[in-house]
Amino acid sequence: MARTVNEEGYAAKRNKILDVVQQLVVTKGYEQMSVQDILDVLQISRGAFFHYYSSKHELLEALIDRMLEEMEQVLIPIVHDPTLSALNKLQRFFGMIVQRKTEQKTLLLSLLDTWYADSNAIVRQKVRMAKVQRFTPLLTKIIRQGVGESVLTTSCPDQIGEVIFFLVLDFSEIFSRLLSLHFKNIIEPIG
């Protein structure tokens, strides 16, 4: 069924709001950004804003979901490229993740404190599981290909795909926490 103009306009407006939120997060920080800041930039009413998003917290979730969707769209062609071996796909898969995070480093660094705040524990867990649901099947497909090419050996490619992805997630989380702590110590020296 084709989308109607109203649905496309609704999605376009939500994305426009997210574009503004992303810019404000980078320039002001998530905690310092207010809904009023968003209203001022977009020149819309509070009621119009709440038609698209019910809270600042929902904005953060939507922004992260959009980032995951964008990542998924660059990983899918790698996974489905018939000219690449499984090992080349693995290298490109993880290389692309690093590249995308590097491209978004200003946004990601500005979100670190907010992201690791206790109040975001549930959001972090939801995002973690959303990443697993989106990206583990892609990784598993590569692992299955590697088994077929006899360059990987496992009798449980689905479970191995999930284990590898969780290891990558855990490494990324530890690195992000250390990075956050490092920047906090630079800005607010201890002692």
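Read from one end to the other, the chain runs α-α-α-α-α-α-α-α. That comes to eight helices and zero strands, with helices (H or I, at least four residues) and strands (E, at least two) taken as DSSP runs and numbered from the N terminus. The model is a predicted one, so local features need pLDDT of at least 70 and side-chain atom pairs count only at pLDDT 80 or more, while totals for chains, interfaces and linings use all residues. Residues are numbered from 1 along each chain as its sequence is written, and side-chain values use heavy atoms, with hydrogens and water left out.

As for overall dimensions, the C-alpha trace spans about 60 × 60 × 25 Å along its principal axes. Of the 191 residues, 36% count as buried; buried here means under 20% relative accessible area, exposed means over 50%, and partly exposed is in between (1.4 Å probe, protein chains only). The chain exposes about 11,500 Å², and carbon and sulfur atoms supply 58% of that area, which comes from the Shrake-Rupley method with a 1.4 Å probe; for residues, only the protein chains shown count as cover. Take the contacts (heavy atoms within 4.5 Å) between residues at least 6 apart in sequence: 68% of them join residues at least 24 apart. On the charge side, there are 22 positive and 22 negative side chains, and the centres of the two sets lie 1 Å apart. Lys and Arg are the positives and Asp and Glu the negatives, with His and the chain ends not counted; each charge is placed at NZ of Lys, CZ of Arg, CG of Asp or CD of Glu.

Now for the inside. The largest nonpolar core has 48 residues, and I17, I38, F49 and L75 have the most contacts within it. Such a core is a set of buried Ala, Val, Leu, Ile, Met, Phe, Trp, Tyr and Cys residues joined through side-chain atoms within 4.5 Å. Elements giving two or more residues to this core include α1 (5–27), α4 (56–79), α7 (121–148) and α8 (157–187). Helix α4 brings the largest share, 11 residues. Setting aside residues up to four places away in sequence, I17 touches I38, L42, F49, Y52, Y53 and L59.

R128 is found in helix α7 and counts as buried because its relative accessibility is 17%. Beyond residues up to four places away in sequence, R128 touches F166, L169, D170 and E173. E72 sits in helix α4 and is buried too, at 15%. With its neighbours within four places left out, E72 is in contact with R134, F135 and L138.

That leaves the rings. The structure holds six aromatic pairs, where rings of Phe, Tyr and Trp (its six-membered ring) pair if their centres lie within 6.5 Å; planes under 30 degrees apart are stacked, over 60 edge-to-face, and the rest tilted. Y10 and Y52 have ring centres 5.0 Å apart and planes at 35°, so they make a tilted pair. This pair links distant parts of the chain, with Y10 in helix α1 and Y52 in helix α3, 42 residues apart. Y10 is partly exposed at 32%, whereas Y52 is buried at 16%. F135 and F165 are tilted as well, at 5.9 Å centre to centre and 45° between the planes. F135 lies in helix α7 and F165 in helix α8, so this pair ties together parts 30 residues apart in sequence. Both F135 and F165 are buried. Finally, F49, F50 and Y53 form one aromatic cluster.
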